[in-house]
Amino acid sequence: MGYSFKTFLKQAGKDFYNQSVNPPVVRASTILFKSFYDIKKMQKKHSKYPTEGYFDYGRQGTSTTHALSKILNKLEESYHVFLTPTGFGSIFLAMLSVVRPGDEILVSDPVYSPTRILTQDFFKDFNIKTIFYNPKDLSTLKNNITKKTKLIFVENPGSNTFEFQDLSKIISIAKKKKIFTAMDNTWGTPYFLKPIKLGFDMAIVSATKYYSGHSDVMGGSLAVNKKVFKYVQKAEKISGLRMGPDDAYLIIRGIRTLDTRLDRHEENTKKIVSFLSKYKKITVLYPFKKGTDDYKMWKKYYKGSSGLMGLKIKSKNKSSISKFVNSLKLFGYGYSWGGFESLALHQELKAQGKRKYTILNKNDHIVRLHIGLEDPKDLINDLKKSLKFIK
Ligand SMILES: *Cc1c(COP(=O)(O)O)cnc(C)c1O
């Protein structure tokens, strides 16, 4: 990269052919060439340098999306970054690139629920079998590998229950058996962890979350190493998945402050965690308690922690949990996270498909909190008032 991550984020995308600080929004379907020979020249150059900016038609993007892809490729320290209209589109593309009918996929049990539905239900009709493994017991991963296993799909930490896995161990198991690996790295982003550098073949980040950071745009990125590049390139070409230039512009604008925002999300979250961890009924699902397994695994791989955490609340009174969440004034109630603002969500794991290992006891409830950039003192006061409702 040459510069530090922080400096690079402020410098990236400057293009002196265009004199504005940020790459402009270039919208196009048709790309004009001077002649038949110019198109041929572009295509020939691309076959020689396949990761370099290529457009002969708008579906390959424009200079705006190419600028974002280049920035992300530097952040990820990957071979290439593909852009999709949503984070989930990147997950779909990753799987579609390497998995075929008759294959099997191993997926971490507490995976993002649409990923579970895609693998466990939708792929079944295409004769692709999914087996879920326990993130806390990798023998369930090892013992379920067969000759048909094509892909190990990891999400770290687990959605809603926040388990941290031994990532290098997973990679080494996969490499021995020549199985592809992919990781959903939306929680940490490459600011805290670089999956491709660690040895994953593919790394997904929902740009909807921290990259854009302002809750007003959707996007996804799929970083790849050289080994899988050609498979993903082929699948991308026929999938029609393409990020729009206006969205790419907003994500570039957001990413300038990725480091600053994440540093502050982390600082604020640590304050909230230390406040919440005093409540007896609450188990805080966030890597903060030294000596625990999750903390060790987080410490081993991550440079920091973001603003998303879970509260496991023990209560026989389910409606008191809803009352707690509903009475919060500074936390918006809604899906998604990673914007500048705080959010709360009462997550019912039962509604997320059938988990096999990472299940809750009958009287345990999960409330997911995203800690935003507000003054943490105000957030703590808000939580203090609302926690009284929990019975
Ligand atoms: C939100 C999210 C996604 C999907 O991203 P979208 O941009 O909403 O499609 C995937 N994985 C994780 C972990 C997420 O939180």
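Me: How much space lies in the largest pocket?
Reply: This is a predicted model, where local features need pLDDT of at least 70, side-chain atom pairs count only at pLDDT 80 or more, and totals for chains, interfaces and linings use all residues. Residues are numbered from 1 along each chain as its sequence is written, and side-chain values use heavy atoms, without hydrogens and water. A pocket here is an open set of points on a 1 Å grid where a 1.4 Å probe fits, with protein on both sides within 12 Å along at least five of seven lines. Probe spheres set on those points fill the volume, and for the largest pocket that comes to about 1300 Å³.

Me: Which helix gives the largest share of that pocket's lining?
Reply: The lining (residues with an atom within 4 Å of a point) has 45 residues, with Gly53, His66, Ala67, Ser69 and Lys70 nearest the centre. H1 (5-11), H2 (36-48), S1 and H10 (226-239) are among the contributors of at least two residues each; helices are DSSP runs of at least four residues, strands of at least two. The largest share, ten residues, comes from H3.

Me: Which strands does helix H3 touch?
Reply: H3 (residues 63-76) packs on the sheet, an open one of seven strands. With contact taken as heavy atoms within 4.5 Å, the strands touched are S1, S6 (202-206) and S7.

How values were computed: Pairing = 2+ DSSP bridges. Axes fitted to C-alpha atoms, helices over the stretch in contact; angles between N-to-C directions.
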